Amino acid sequence: VDPLDGAQQHGGASLATYAKVPEDFTRFSEFKFSAKLESGNPPIPSNANLYVELGCSGARTEDGLVPGDLYVVQGVDYKSYWQPFALAMSSFNSPPWLSTHIMGGPAGCLAHIDNIRFTVDPQVLDGQSGRFVLHIDTISLQ
């Protein structure tokens, strides 16, 4: 739901997993998974976004701070039917909507991954709502 207030809020939902101890993902070349995103009733717009976010809450910013909410992201072109994805680890980057820069760039984050999120931004307009079901399966790193 995007409340009617004159601004698009970019609400959505995430499917996430968190680890107590960070893992070094720099040794992997691909992040693989299968997914489908089904629109519901009311439907979400066809330009909804699906992102894979690799979180590195213990990573430092370029100014030496540890804000706890850093991550690298990659968008995927999803379908309403099952589809496999193989994302190059080298294609994960800092989200363009955040001004914070990770020390060491994306590799600095990939060295400290402690959460994986699949996030849907349904792109509903101001005052509108939509429903969807996100299916994720067969996650692996290679």
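Which residues does Phe92 touch, not counting residues up to four places away in sequence? The model is a predicted one, and in it Phe92 touches Phe31, Val52, Leu54, Val72, Val73, Gln74, Leu87 and Pro106. Phe92 itself is found in the loop between strand E5 (83-88) and helix H1 (105-110). Its relative accessible area is 1%, under the 20% limit, so Phe92 counts as buried.

The aromatic residues can be taken next. The structure holds 7 aromatic pairs. In one of them, the ring centres of Phe31 and Phe92 are 6.4 Å apart and the planes stand at 80°, so this pair is edge-to-face. Phe31 belongs to strand E2 and Phe92 to the loop between E5 and H1, so the pair ties together parts that are 61 residues apart in sequence. Phe31 is buried, because its relative accessible area is 0%.

A second pair is formed by Phe33 and Phe85, with ring centres 4.9 Å apart and planes at 20°, so this pair is stacked. Phe33 lies in strand E2 and Phe85 in strand E5, so here the parts tied together are 52 residues apart in sequence. Both Phe33 and Phe85 are buried. Not counting residues up to four places away in sequence, Phe33 touches Val52, Val76, Gln83, Pro84, Phe85, Leu87, Phe118, Ile136, Asp137, Thr138 and Ile139. Ring pairs link Phe31, Phe33, Phe85, Phe92 and Phe118 into a cluster.

What space is left inside the protein? Rolling a probe the size of a water molecule over the atoms shows where empty space is left. The count comes to 1 cavity of 30 Å³ or more, and about 30 Å³ of space lies in the largest cavity. Its lining consists of Leu70, Tyr71, Ser94, Pro95, Leu98, Thr100 and Ile102. By class, this lining has 5 nonpolar and 2 polar residues, with no charged residues.

Is Gly12 buried or exposed? Its relative accessibility is 56%, so Gly12 counts as exposed. Gly12 lies in the segment before strand E1 (13-23). Leaving aside neighbours within four places in sequence, Gly12 is in contact with Val120 and Pro122. Gly12 and Ser29 are 17 residues apart in sequence, and their C-alpha atoms are 29 Å apart in space. Phe92, by contrast, is buried, with a relative accessible area of 1%.

Methods
Residues are numbered from 1 along each chain as its sequence is written. This is a predicted model: local features need pLDDT of at least 70, side-chain atom pairs count only at pLDDT 80 or more; totals for chains, interfaces and linings use all residues. Side-chain values use heavy atoms; hydrogens and water are left out. Helices (H or I, at least four residues) and strands (E, at least two) are DSSP runs, numbered from the N terminus. Buried means under 20% relative accessible area, exposed over 50%, partly exposed in between (1.4 Å probe, protein chains only). Contact means heavy atoms within 4.5 Å. On a 1 Å grid over the protein atoms alone, a cavity is a set of points where a 1.4 Å probe fits but cannot get out, and a pocket is an open set with protein on both sides within 12 Å along at least five of seven lines; lining residues have an atom within 4 Å of a point. Grid points are joined across faces, edges and corners, and a volume is the space filled by probe spheres set on the points. Ala, Val, Leu, Ile, Met, Phe, Trp, Tyr, Cys and Pro count as nonpolar, Asp, Glu, Lys and Arg as charged, and the others, Gly among them, as polar. Rings of Phe, Tyr and Trp (its six-membered ring) pair if their centres lie within 6.5 Å; planes under 30 degrees apart count as stacked, over 60 as edge-to-face and the rest as tilted.
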